[in-house]
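The sequence and coordinates come next.

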Amino acid sequence: MTNQTVIKVGSTATGFWGKLRTVLARRTEGRAVVLFAIIATVVTVSQPLVFTAYQVTLGRIALIGLVALGLTAVILMGELDLSVASTLAVSGVIAVTVANQTNMAIGVLAALAAGVLISLINAFFVAIIGINSFITTLGMLFALRGMAFVISDEAPVKLQNTDLGIAFGQPLLGPLTPRILIFFFIFIAIQIFVSRVKAGRELLAVGGNRQAAYDAGIPVKRRIFTGFIISGVVASIAGIINAVERTSADPTSGSTVLLASFAAAIIGGNYLKGGKGSIVGTLIGAASLGMLQVALTISGVQIPIQEIFIGGILLIAVITDPSSLRAVWGSISTTLQGIRNSLAK
Amino acid sequence: MRKSRLVLAPAVMLAVSALVLSGCAAAEETTPDADSTTDATEEVVEEAETYEVYALLPQGSDQAYGTFYVPAMEEAAAELGINLTITNSQYDGDKQASECEIAVAAKPDGIILWPAVGDAVRPCLEAAKAAGIPVTVTNSDLFDADKALSRGYSGPDTYGQGVSSAEIMCGLVGDADVSIIQLNGAAGNSTAIDRDNGFTDTVAANCANVTILQEESTDWTKATAQQVASEMITAQGLENIGGIYAADDSIAAGAIAALESRGVVAADYFITSIGNTFLGNPLVIAGSLDGTVFQSSSWDGENATRLMYAVLTGEIAEGDREVKFMPSVKVTADNAADADVAPEW
């Protein structure tokens, strides 16, 4: 009898629906895809300009999504990196300041080096000293913001080679600007790393159960360094792109990036406690958020109303999580049972 | 292999969507031509009466100034037959750049720009110029190098406001040697920089007997200003300070609160600021604040629309740049209660 049951389950799992169920059970992007489809449908009907001016929408998605992609590497480990927006700002300031004194290539290298250094400091305090990543990166957020002001002398730093900046914002491949191309390149690179490379897959293991990861021989501390370096370097790249494309590095830059990045990752189905999530989910989350923002901007919807929309989407993304739904259903059942018992008495 | 497909699927999906939708864009672009033969006269009349204008602002109903600026702007737009689409970048230069891309893609008749970061608007201006969309600037003017890319400016003379505040200070101090502390607006903000320059240049030229002991940035709020002022008083010693320059009335109110918390009377100090707001005007009447400079948010919003209308109707000739400064009226105890300088925000 037992053997028959095993065979039955096995045969279901190899069938189309069984495979589909298995794939869906493993993936965390389901809700993100549904949200994306709903937003895309509504936007298509109400604001078709979002699609007709698709290069603008892709630019907004890249603006939100780039930092979110790097941030996801840290979130998958169950850690947080609140310093990404400040890393973006200080990297932009370093890139332009150094570029103005030397050349753009050296400016870019200096900014990337700063991104790596910031990541190493973050990871050192989290992995070696054992300080909570929220506190570590919160401290780094303030320190870097101050550093950006000090380096820039409290004013935006103008890129002397303005023509280079203007050219960088122009389409390079068809209608795609370098920002969009870099965004897609980084998405593919991080996705391949997280899904196909052993070290990348270990990020999920570290987030899922850290003790089990230690026991399995995974170099947890090294992986924490890996995750933070990805996050820091990607934030640095975003800062460089912003500064060059705007022909100016603003020390206050990235003020709206942090929350948007977390929102994209959460809408994409990434668990803040780590162990579950994907880069693909973050891409879909960023796409949903980007489309929504562009549509609301075109509609002239004011910021407070936009925030209500985005907050609503975030809330839907969180409460439609299967475990949340189970908890809600459990609470409802318990309440109903209590009411039934009261009535019976 | 399957994993590779999963990795690339979202990217391919977005790329394919982009290409398909670009076809839609091309199709949509041709539609008006096809319909142009019908009711051509009526369309011409309608186009002559109504203009589509994007207003790219860095604030809106989320800040006191914007709360009065936006309704005045909208009221003037309704009167002049302008359909306004207003955005709010919350002083994020990158976000405003993205909003500018959206505006250019929407192909409006004109763009009203209030730069979030003065140094970062060149690409936006270039894109608008390439698309043949006239741009006028409001509230904070462009840097000299960029002015040729806009058709006009309306708003306060932010440098002149700093000058006026310094003139009040110099007039009050007379020949006495006085040391003051200076509280500026947000670091990197162009209005804060202009006011700072206007004040310090005028003090250096008109009353060299006034020494600026220390200057610090704030975030324009009373609470932060009170904290910063308190720290500066501690650092410099209350006995060494004879006056305070604040970049706006909220900052002045914070600085006055910091003084009074030390048990001294603010009226005994030389204090000047800018704004003549609901917060600052009563302080002038009470004698705590010696002088401020009137700034009308409703004048600012209304004239932003009127200037754009003048451009759209050809009142301002092609190639000309109109500059319309808001009157910078000095408000002291002598005229603070007058109806013509009644605070608006």
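B:Gln90 is partly exposed, with 16 other C-beta atoms within 10 Å; a residue counts as buried if 20 or more other C-beta atoms lie within 10 Å of its own, as exposed if 12 or fewer do, and as partly exposed in between, with C-beta atoms placed from the backbone. This is a predicted model, in which local features need pLDDT of at least 70 and side-chain atom pairs count only at pLDDT 80 or more, while totals for chains, interfaces and linings use all residues. Residues are numbered from 1 along each chain as its sequence is written, and chains are lettered from A and ligands numbered from 1 in the order in which they are written.

The phi of B:Gln90 is near 55 degrees, a positive value in a residue other than glycine. B:Gln90 sits in the loop between strand S2 (82-88) and H4 of chain B. Helices (H or I, at least four residues) and strands (E, at least two) are DSSP runs, numbered from the N terminus. Another non-glycine residue with positive phi is B:Asn139, at a value near 70 degrees. B:Asn139 belongs to the loop between S4 and strand S5 (152-155) of chain B. Is B:Asn139 buried or exposed? B:Asn139 is buried, having 27 other C-beta atoms within 10 Å.

Chain B as a whole has 11 helices and 12 strands. Of its 345 residues, 53% count as buried. Two residues are in contact if their C-beta atoms, placed from the backbone, lie within 7 Å. Among the contacts in chain B between residues at least 6 apart in sequence, 75% join residues at least 24 apart.

One strand of chain B shows how the pairing is laid out. In strand S8 (residues 243-246) of chain B, B:Gly243 and B:Tyr245 point one way, B:Ile244 and B:Ala246 point the other way, and all are buried. S8(B) pairs in the parallel sense with strand S6 (residues 178-184) of chain B over 4 bridges, where two strands pair if DSSP finds at least two bridges between them. B:Ile180 stands opposite B:Gly243 of S8(B). S8(B) also runs parallel to strand S9 (residues 270-272) of chain B, joined to it by 3 bridges. Here B:Ile244 has B:Ile271 of S9(B) as its bridge partner.

Helix H5 (residues 122-130) of chain B leads from one chain to the other. Its buried residues are B:Arg122, B:Pro123, B:Cys124, B:Leu125, B:Ala127 and B:Ala128. They pack against H9 and H13 of chain A, together with helix H4 (93-106), strand S3 (110-113) and strand S4 (135-138) of chain B. H5(B) is followed by B:Gly132, whose phi is positive, near 75 degrees.

The contact between the chains takes 49 residues from chain A and 41 residues from chain B. On the side of chain A that touches chain B, at least two residues each are supplied by helix H4 (49-52), H5, helix H9 (162-168), helix H10 (178-196), helix H13 (220-246), H15 and helix H16 (303-319). The residues of that side divide into 25 nonpolar, 17 polar and 7 charged. In this division Ala, Val, Leu, Ile, Met, Phe, Trp, Tyr, Cys and Pro count as nonpolar, Asp, Glu, Lys and Arg as charged, and the others, Gly among them, as polar.

Chain A contains 17 helices and 2 strands. Its radius of gyration is 23 Å, close to the 20 Å that the globule rule gives for 345 residues, so chain A is as compact as a globular protein of that length. That radius is taken over C-alpha atoms, and the rule is 2.2 Å times the number of residues to the power 0.38. Buried residues make up 50% of the 345 residues in chain A.

Within chain A, helix H5 (residues 54-75) packs with helix H15 (residues 279-298) at an angle of about 145 degrees, their axes 8 Å apart. Axes are lines fitted to C-alpha atoms, for helices over the stretch in contact, and angles run from 0 to 180 degrees between N-to-C directions. The contact of H5(A) with H15(A) has 12 nonpolar, 6 polar and 1 charged residues. H5(A) also packs with helix H14 (residues 257-267) of chain A, at an angle of about 65 degrees and with the axes 8 Å apart. The contact of H5(A) with H14(A) has 9 nonpolar, 3 polar and no charged residues.
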